Amino acid sequence: MEKSTAKKFHIDKTFKTNLITYSIVIAAFIIVQILISAGQVSSLMKGLLVPLCIYSIMAISLNLTVGILGELSLGHAGFMCMGAFASSIFSISMMDSIPSAGVRFFFAILVGAAAAAAAGIVVGIPVLRLRGDYLAIVTLAFGEIIKNVVNVLYLGKDSNGFHFSMKNAMALKMEKSGTIILNGAQGITGTPKNSTFAIGVILTLITLFIVLNLINSRSGRAIMSVRDNRIAAESIGINITKYKLMAFTISASLAGVAGVLYSHNLSSLTATQKNFGYNQSIMILVFVVLGGIGNIRGSMIAAVILTLLPELLRGLNAYRMLIYAIILIVMMIFNWSPKLIDFRKRYFHLNRAKKERV
Amino acid sequence: MALLEINNLGISFGGLRAVDNFSITIEKGQLYGLIGPNGAGKTTIFNLLTGVYKPNAGTILLDGNNITGKKTVDINRAGIARTFQNIRLFKDLTVLDNVKTGLHNSHPYSTVAGILRLPNYYKVEKQMDEKAVELLKVFDLDKEKDTLASNLPYGKQRKLEIARALATGPKLLLLDEPAAGMNPNETAELMDTIRFVRDNFDMTILLIEHDMKLVSGICERLTVLNFGQVLTQGKTADVLHDPEVIKAYLGE
Amino acid sequence: MMSFISYFINGLSLGSVYAIIALGYTMVYGIAKMLNFAHGDVIMIGGYVVFTVVSTMGLGPVAGILLAVILCTVLGVVIEGVAYRPLRMASPLAVLITAIGVSYLLQNIALLVFGSNPKSFTSVVTVPALKLADGKLTISGETIVTIISCVVIMIGLTTFIKKTRAGQAMLAVSEDKGAAQLMGINVDGTIALTFAIGSALAAIAGALLCSAYPTLTPYTGSMPGIKAFVAAVFGGIGSIPGALIGGLLLGVIENLSKAYISSQLSDAIVFAVLIVVLLVKPTGILGKKINEKV
């Protein structure tokens, strides 16, 4: 009897934590909706709602690679780039075939996720053989390659079907009536603006659902065992390549979903250093580290706060990014310095001891 | 037929013969000790047995199957599980999850079932929980099942490693210095546990140990290794009184 | 043929700059085991100092470089002491993120002080161009000076590490911090010295880079910084000759692919070569093999 209640408690505990995470997202959504209907949200803030979901999904998915699999990836934005471009191409070329925006967007999300997953497998197979910092720099390299290659692709469509080139738009040799879908460095224009805050929140919830359930399952344990001790994991019969690749690919495909949200939130899409370069990958990594490596909820909250922070500091104008940088450094030292951790622990225990004495 | 039969096993690292012409036969259900001075090549033999290193020479037969040079994962599936000299637990997983990871291959369900929480997930997870708690009870760890492995005291970490290895359902269990760092009380307790595991799990056990009390207390047969070669092997009492063995340990 | 030689030599020149920057990366990585993402931005600061001294204050290029070296050295030591030292025993990821914070900080300081408009940099090199093969092949003064500087720095640094006590201390600290400490080596001092040398080299690299590519913005340093890091990994991170080989290879590959394949894809090609090298030799061309003990 005692045994069964104890076990129930164990399952309930993770379930409860996960439930809190979902509730936070839903509550945030409801509060924002109320504020919008009360006219309390500036247009600037409204413009930030979808990006908040995008960055949350990016942070959650990267935490799967960094926190759960334990490998440092600096190329996560490359997968977002794959998802963004693949889904935009899909949406534009299916504009006539699938008239319903909802259905088309649904499939666009799947296409984006699949394209990014495919990239994840292609990148993951060679990369996951490497270790530590070498793995990190190669993911960075792959991210940059994806971004660079996208910039030299040309794709058009006319009555004969699709035309493809890596030279320029003229080399597509299309009929006059044909349309250019992907125009090299000019990117894609005319992606339908299907991304809404509600869809973003739903996708964030789905991302959370997938990642949290994966962690608390057989495969999740296998992934974490590889993280904690590769050699021991092998010794008990865990196929480490399989589980590394699985985590990496799921992480990539979720980044692809974020990319779909991104590209369907803008009328023109280009791949630049700022949106899909290593700077973006690093930005996402900052969310993960500040929110807590392996802490899914934390990385989501960090993504939201750190995306809002520069906007909240907007009043300070030129100084805002400077202040952002300083806050970042100070927070890192405060959170991670062994001396400060010791100090905090002692102070905390001192307080508790005092309370107990009272 | 012997459970484990190693013939003329050998490996060199950059010209150094770490293990040379090593042969051993272990019968099913035996409790076998592998002893020898530091650097004799004992752990290297474990690493050869579990596929961490590939041998240059010799064959390893487990239950009649040739497992020489196979991958670590396949060797575990063939029936060899081990512990490590420097404890290798999944430190950020709970005690229970460490053991459940050991049950990974015997209790399968798909990743999709896990993510979507299909009925199979609940069914298999429940079986895993029960099996894992049962194993933890043997090692008196069931009360700490929700503790993180890294928060366990040292002696219990060693026990958890054995529990995790047992969870994979091996035919042969390799223990690399299971009593290292334990006090005499813990060692005595560990001896009982090892005997219990052998008797109740029908296990064959090969262990490396420096603690002579443990070795003479539970091992039925011994092989003494010196400079990568077999110095002598046989019944525990005979081996321990062999003047050659005493010389290898204490010097001339 | 002449054009190939010219592209190749320009590649060597660019590669020399990468090599000088990569030295800073590789030394810091070897000793502090951290990826100093802010290193590229120290280059940029060096560039702005030279620019201010030469173009705004009207002093000579020598004064400019000298001041840049001094200021960057101080900057490097301050960054290490304030931002990295408290995290010496923390997770490498925490240090990495802090380095990114420092990188943002330097970029935004430059943005505030100098604005976002690109500054046109006056070359610090006064050596005339060299005309060879009846004027068919021109080698610019910048190219000559850059390659010579790289060689001089490389020889100087190797001698410093081999012959001086401080250099030996660096080797010891990179091998084993704890043991070095027990042997009475001032570990903190040695790490600070490494940052000082790396940052001084970054200042020189900044002056050379901006002389060859004379536009200067707050983001000038970040891409060359990343590429130099790639060069360091390429050659085997932690290895000084590796940084040289990696830097030169990278520069040549980049310039040749710009000339013969595609200027837009040159970065992708550089990164692809890195990936191939690491897959064949997982620790770079001259890197040490790491074995995990079971």
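This is a predicted model: local features need pLDDT of at least 70, side-chain atom pairs count only at pLDDT 80 or more; totals for chains, interfaces and linings use all residues.

**Helix pairs in chain C**

Residues are numbered from 1 along each chain as its sequence is written, and chains are lettered from A and ligands numbered from 1 in the order in which they are written.

I looked up the axes of helix 9 (residues 222-235) and helix 10 (residues 240-260) of chain C: they come within 7 Å and cross at roughly 120°. Axes are lines fitted to C-alpha atoms, for helices over the stretch in contact, and angles run from 0 to 180 degrees between N-to-C directions. Helices (H or I, at least four residues) and strands (E, at least two) are DSSP runs, numbered from the N terminus.

I listed the residues that meet: among them are K227(C), V230(C) and F234(C) in helix 9 of chain C, and G242(C), I245(C) and L249(C) in helix 10 of chain C. Contact means C-beta atoms, placed from the backbone, within 7 Å. By class, this contact of helix 9 with helix 10 of chain C has 9 nonpolar, 4 polar and 1 charged residues. Ala, Val, Leu, Ile, Met, Phe, Trp, Tyr, Cys and Pro count as nonpolar, Asp, Glu, Lys and Arg as charged, and the others, Gly among them, as polar.

I then took helix 5 (residues 141-163) and helix 6 (residues 165-175) of chain C, which pack at about 85° with axes 5 Å apart. They are therefore roughly perpendicular to each other. F160(C), I161(C), K162(C) and K163(C) of helix 5 touch G167(C), M170(C) and L171(C) of helix 6.

**Chain C against chain A**

How many residues of chain C are in contact with chain A? I found 37, facing 35 residues of chain A. Helix 4 (92-114), helix 9 and helix 11 (266-280) of chain C each give two or more residues to this side. Helix 4 of chain C gives the most, with 12 residues. By class, the side of chain C has 29 nonpolar, 7 polar and 1 charged residues.

**Chain A**

I recorded 14 helices and 5 strands in chain A. Its C-alpha atoms fill a box of roughly 85 × 55 × 45 Å, taken along the principal axes.

Note on methods: Two residues are in contact if their C-beta atoms, placed from the backbone, lie within 7 Å. Angles under 35 degrees count as roughly parallel, over 145 as roughly antiparallel, 65 to 115 as roughly perpendicular and the rest as oblique.
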